[in-house]
Amino acid sequence: LTIACGAFIIIHNNSEKDGGMIIDSHVHVGASVTLHTEVELSHLLNAMETNHVDKAIVQPLPGAYPSSEKVHEVIHAMCKKYEGQFYGLISISPFLPLNQVEDEVKRCVEEFGFVGIKLHTFGHNVNPLSPEGDLIFQLAEQYKLVVNVHTGNGSFGNPCLIIPKAKEYENVSIVLAHSGMQYFATEAQVVASQHQNVYLETSWSQAEYIDGLVSSLGSNRIMFGSDVYTSNCYNLAVELEKYRVLDISNEDKNNCLSNTAAIVFGL
Ligand SMILES: [Zn+2]
């Protein structure tokens, strides 16, 4: 009985009762014309409250409607209204006219205070090794932004495509969203093991695999992200549950659930 009670207390210490901070490093808001989905702020706020999530780093969806710029403005308004709860991450297709991309990144950093930028290998069909992929890294270096890279599905979803950029931009922190999304899980682990500026976000990964990442790379390289992308925000509870069941130390759990993201994004 004592052991059972102890286990119960530990489980709740990590996620609910004693206020161990939870930062969701990968959340979307707004609508998408390509994904036929929309995340409303009120639904996101409800899901965060229900699941005891304290902070979220928020980005537009690929196919952002009516435009990435408009959704960035919505995110900026959220960051202002709920100060310290939301942080913005830029997501704009690098195939748009160069001055449009550069102007928007400058605005999001200098006026809105955004903390990262997306390289959407799937949603924007960007090869990390193309000129448009390089543009994202150039802008990240210039404005001291974290690069969040979609990995897993899509023609350019192999995490190994990031290796040359991780070397070339060694001062830029790179987060591999989805940690290769199961199919490229081992590649994501190898890339992170070889490059200290590469971190892994774990949405769409198996709990067993997250467990292995923590023991092989260390919890200071792993961060929780839900990839909320639909109106019902199902992913938040589902992705958190993976951490709730993990048999890892409280320290590791706290690193994965908040400290790694807080440090990497400078929150
Ligand atoms: Zn996403």
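**Exercise 1. Determine what share of the residues of the chain is buried, and describe its overall form.**

Step 1. Of the 267 residues, 55% count as buried, that is, under 20% relative accessible area with a 1.4 Å probe and protein chains only, whereas exposed stands for over 50% and partly exposed for values in between. The model is predicted, so local features need pLDDT of at least 70 and side-chain atom pairs pLDDT 80 or more, while totals for chains, interfaces and linings use all residues. Residues are numbered from 1 along each chain as its sequence is written, and side-chain values use heavy atoms, without hydrogens and water.

Step 2. The secondary structure comprises 10 helices and 10 strands, taken as DSSP runs (helices H or I, at least four residues; strands E, at least two) and numbered from the N terminus.

Step 3. The radius of gyration, 18 Å, is close to the 18 Å of the globule rule for 267 residues, so the chain is as compact as a globular protein of that length. The radius is taken over C-alpha atoms, and the rule is 2.2 Å times the number of residues to the power 0.38.

Step 4. Along its principal axes, the C-alpha trace spans about 65 × 40 × 30 Å.

**Exercise 2. Identify the residues that coordinate the zinc ion, and state their spacing.**

Step 1. H26 (NE2), H28 (NE2) and D227 (OD) coordinate the zinc ion at 2.0 to 2.1 Å. Donors are N, O and S atoms within 2.8 Å of the metal (3.2 Å for Na, K and Ca); water is not among the atoms, so sites may look incomplete.

Step 2. Along the chain these donors follow the pattern H-x1-H-x198-D.

Step 3. H26 and H28 are both buried.

**Exercise 3. Locate S179 and list its contacts outside its sequence neighbourhood.**

Step 1. S179 occupies the loop between β8 (174-177) and α7 (185-194).

Step 2. The relative accessible area of S179 is 0%, so this residue is buried.

Step 3. Beyond neighbours within four places in sequence, S179 has contacts (heavy atoms within 4.5 Å) with T151, F184, A185, A188, L200, E201, T202, S205, Y209 and L213.

Step 4. The loop between β8 and α7 also holds M181, whose phi is near 50 degrees, a positive value in a residue other than glycine.

**Exercise 4. State whether H36 is buried or exposed, and describe its backbone.**

Step 1. H36 lies in the loop between β1 (23-32) and β2 (37-39).

Step 2. With a relative accessible area of 70%, H36 is exposed.

Step 3. Phi of H36 is positive, near 55 degrees.
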